[in-house]
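My entries follow in the order I made them.

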Amino acid sequence: MAGRLKFDPSLVDPLFDSAALATALNLHPHTLASHVVNGLVPPADRRGFGNAKHWRFSTIRAWNPAIAAKLLDAMKAAA
């Protein structure tokens with residue numbers, strides 16, 4: 001039986017969507033958008049389909065390590 005893979009952020013740089021980031025910040029997604037516009041949150045690294053925005057783990061970690069830790073915990077819990 002194969003073992004579970006462990007997430008190692010030094011090997012990959014996953015993307016988090018606005019819903020995940022808003023949840024980690026305890027914000028509504030629309031409020032997150034205004035925080036980005038006002039410079040309280042860094043701009044998204046990538047855009048997806050439509051108006052979807054995605055942030056790299058490394059971007060969030062450089063901006064706010066505590067929020068990056070929350071995202072990492074949520075990612076581990078979902079695995």
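**Notebook: fold, core, sheet**

I counted elements first: the chain has 4 helices and 3 strands. Helices (H or I, at least four residues) and strands (E, at least two) are DSSP runs, numbered from the N terminus. Along the sequence I read the pattern β-α-α-β-β-α-α.

I noted the ground rules. This is a predicted model, in which local features need pLDDT of at least 70 and side-chain atom pairs count only at pLDDT 80 or more, while totals for chains, interfaces and linings use all residues. Residues are numbered from 1 along each chain as its sequence is written, and side-chain values use heavy atoms, with hydrogens and water left out.

**Whole chain**

I looked up burial: 22% of the chain's 79 residues count as buried. Buried means under 20% relative accessible area, exposed over 50%, and partly exposed in between (1.4 Å probe, protein chains only). The accessible surface of the chain is about 5500 Å², and carbon and sulfur atoms hold 59% of that; the areas come from the Shrake-Rupley method with a 1.4 Å probe, and for residues only the protein chains shown count as cover.

I then checked contacts (heavy atoms within 4.5 Å). Of those with a separation of 6 or more, 47% join residues 24 or more positions apart.

**Core**

Which residues of the largest nonpolar core touch the most other members? I found L21, L32, I60, I67 and L71, in a core of 14 residues. Such a core is a set of buried Ala, Val, Leu, Ile, Met, Phe, Trp, Tyr and Cys residues joined through side-chain atoms within 4.5 Å. The elements giving it two or more residues are α1 (18-24), α3 (57-63) and α4 (65-78). The largest share, 4 residues, is from α4.

I followed L32 further. Leaving aside residues up to four places away in sequence, L32 touches S18, L21, A22, L25, L27, V41 and W55.

**Sheet**

I traced an open sheet of 3 strands, in the order β1-β3-β2 and with antiparallel pairing. β1 (15-17) and β2 (46-47) are at the edges with a single partner strand each, so one side of each has no neighbour in the sheet. Two strands pair if DSSP finds at least two bridges between them; β1 and β3 (residues 53-56) have 3, in the antiparallel sense.

**T59**

Beyond residues up to four places away in sequence, T59 touches P42 and D45.
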